Structures are given as structure tokens and as C-alpha cells.
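Dear colleague,

Please find below the structure that I am handing over to you.

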Amino acid sequence: MSYTPKTFTIPELKGISATTIAEHLKLYEGYVKHANLILSELQSRNPDTDAYAMAELQRRFAFEFDGMRNHEYYFASLEGGATPLTDQALTDALCAQWGSVETWLAAFKTLAKTRGIGWAMLYYDQHTKRLLHAWVDEQHLGHLTGCVPVLALDMWEHSFVADYQPSGKATYIEDFFFNLNWNVIAENFKNATRA
């Protein structure tokens with residue numbers, strides 16, 4: 001078994017250049033490639049003699065695998081052009097947790113400004129039937145176990161620094177939401193609640 005990079009059709013975006021998207025997609029493809037390389041290497045190792053090496057490979061696999069999946073959520077949310085949030089089920093769920101969509105959005109944008117590299121994530125917890133958000137360090141540290149990603153915002157410098165400079169993080173976050181296809185996010189939410 002191996003993973004194949006997905007293709008994404010991303011239109012012209014406000015603030016985020018086609019060059020940044022092209023370079024970012026190459027990084028995504030690298031995560032897919034390295035996830036496959038690690039799986040292949042793990043299959044060739046002997047657990048009796050290579051336990052330490054296998055443990056390190058397994059740790060690294062989490063980074064590469066989550067890097068692959070996080071980016072798939074991110075790029076999919078930019079496909080098809082910007083659309084407003086019109087889905088009533090998602091709107092109701094956000095309001096139930098945060099009082100209003102605006103209050104949730106303000107809290108999520110604050111989360112996205114966390115210092116360091118990582119991801120601002122919105123999840124659906126199938127156990128409690130509620131939305132949660134969390135900061136994920138790097139690609140894999142801090143994911144909420146058992147929760148399904150609904151929205152993923154890449155806050156690694158490679159996603160914005162060429163277009164915005166380091167000081168432009170807040171503008172990048174605003175532009176991400178300007179460019180967001182909320183229909184994709186609503187579909188993620190619908191799929192998460194069905195699972």
C-alpha cells in the first residue's frame with residue numbers, strides 16, 4: 001500500500017500568490033513521498049534487531065502522515081473559489097459552542113496567531129457531538145484523539161511568509177477566510193457528524 005498525492009484546482013486567491021501555492025503543493029507532495037518511504041522502510045526492518053530504528057521511524061511517520069493529511073484539508077478548502085457560510089447545521093453548531101459565528105471566528109483567529117509553527121484546527125468530537133478547536137504543533141503534536149478535522153489552517157511560515165512577510169500573519173489569516181470555500185467545510189462537518 002502506498003499513498004498518492006491528491007491534485008487540487010485552486011483559483012486565483014486574494015493575497016496568497018500562485019507561486020506560494022505551487023511551492024506549497026511541492027511540500028505537500030514531499031510529505032506523501034516520505035510517508036511512503038517510511039512505510040517501505042518499516043516493512044523491511046526486523047522487529048527483533050531493529051526495535052530502536054523502527055521506533056524512530058514510527059515517530060517520524062506520524063509527522064509525515066499528518067503533514068500529508070493536514071495539507072489535504074487545507075488545499076481542499078481553497079478549491080472552487082470563496083463561498084459564504086450558508087450551511088445551517090454548521091452555523092447552529094458553531095453558535096451552540098461559541099454563542100455566535102463571529103465569536104467563534106474571533107477565537108479561532110486568535111488561536112491561529114499562536115507563536116510557533118503549526119496548525120489551527122477545528123474538529124468535531126463524535127463522542128460528545130460538539131466542535132472543538134486546538135493548536136497542533138508541527139504537523140502531529142496536539143491532534144485531538146478521536147476527533148475529525150473540519151477546518152485546517154496552515155500556520156507554518158511556508159504558507160504565508162513569501163506573500164506577507166513574517167509580520168503579515170494576521171493579514172494572511174484574514175485572507176485565508178476571505179478565500180475559504182465554506183461549502184467544503186460544511187461538507188467536512190456533515191461527513192464528521194455521520195461517521
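Helix α3 (residues 88-98) packs against helix α7 (residues 182-194) at an angle of about 75°, and their axes lie 9 Å apart. Axes here are lines fitted to C-alpha atoms, for helices over the stretch in contact, and angles run from 0 to 180 degrees between N-to-C directions. The angle makes α3 roughly perpendicular to α7; under 35 degrees counts as roughly parallel, over 145 as roughly antiparallel, 65 to 115 as roughly perpendicular and the rest as oblique. By class, this contact of α3 with α7 has 7 nonpolar residues, no polar ones and no charged ones. Ala, Val, Leu, Ile, Met, Phe, Trp, Tyr, Cys and Pro count as nonpolar, Asp, Glu, Lys and Arg as charged, and the others, Gly among them, as polar. On the α3 side are Ala-89, Leu-90 and Ala-93, which meet Trp-182, Ile-185, Ala-186 and Phe-189 of α7; contact means heavy atoms within 4.5 Å.

Please note that this is a predicted model, in which local features need pLDDT of at least 70 and side-chain atom pairs count only at pLDDT 80 or more, while totals for chains, interfaces and linings use all residues. Residues are numbered from 1 along each chain as its sequence is written, and side-chain values use heavy atoms, with hydrogens and water left out. Helices (H or I, at least four residues) and strands (E, at least two) are DSSP runs, numbered from the N terminus.

Turning to the strands, β1 (residues 118-125) and β3 run antiparallel and are joined by 7 bridges; two strands pair if DSSP finds at least two bridges between them. Asp-125 stands opposite Cys-147 in β3. Strand β3 (residues 147-154) has 7 of its 8 residues buried, so it is largely enclosed by the rest of the structure. Buried means under 20% relative accessible area, exposed over 50%, and partly exposed in between (1.4 Å probe, protein chains only).

Asp-154 is found in strand β3 and counts as buried, at 0% relative accessibility. Leaving aside residues up to four places away in sequence, Asp-154 touches His-24, His-71, Tyr-74, Gly-118, Trp-119, Ser-159 and Tyr-172.

Asp-175 is buried at 7% relative accessibility, whereas Lys-14 is partly exposed at 43%.

In another, the side chains of Glu-64 and Arg-60 meet (3.0 Å, N to O). Being 4 residues apart in helix α2 (residues 51-76), these two are separated by about one helical turn. Glu-64 counts as buried at 6%, and Arg-60 as partly exposed at 37%.

Glu-174 forms a salt bridge with Lys-109, with the closest N and O atoms 2.9 Å apart. Here too distant parts of the chain are linked, since Glu-174 lies in helix α6 and Lys-109 in helix α4 (residues 101-112), 65 residues apart.

Yours sincerely

Methods:
Salt bridge = Lys/Arg side-chain N within 4 Å of Asp/Glu carboxyl O.
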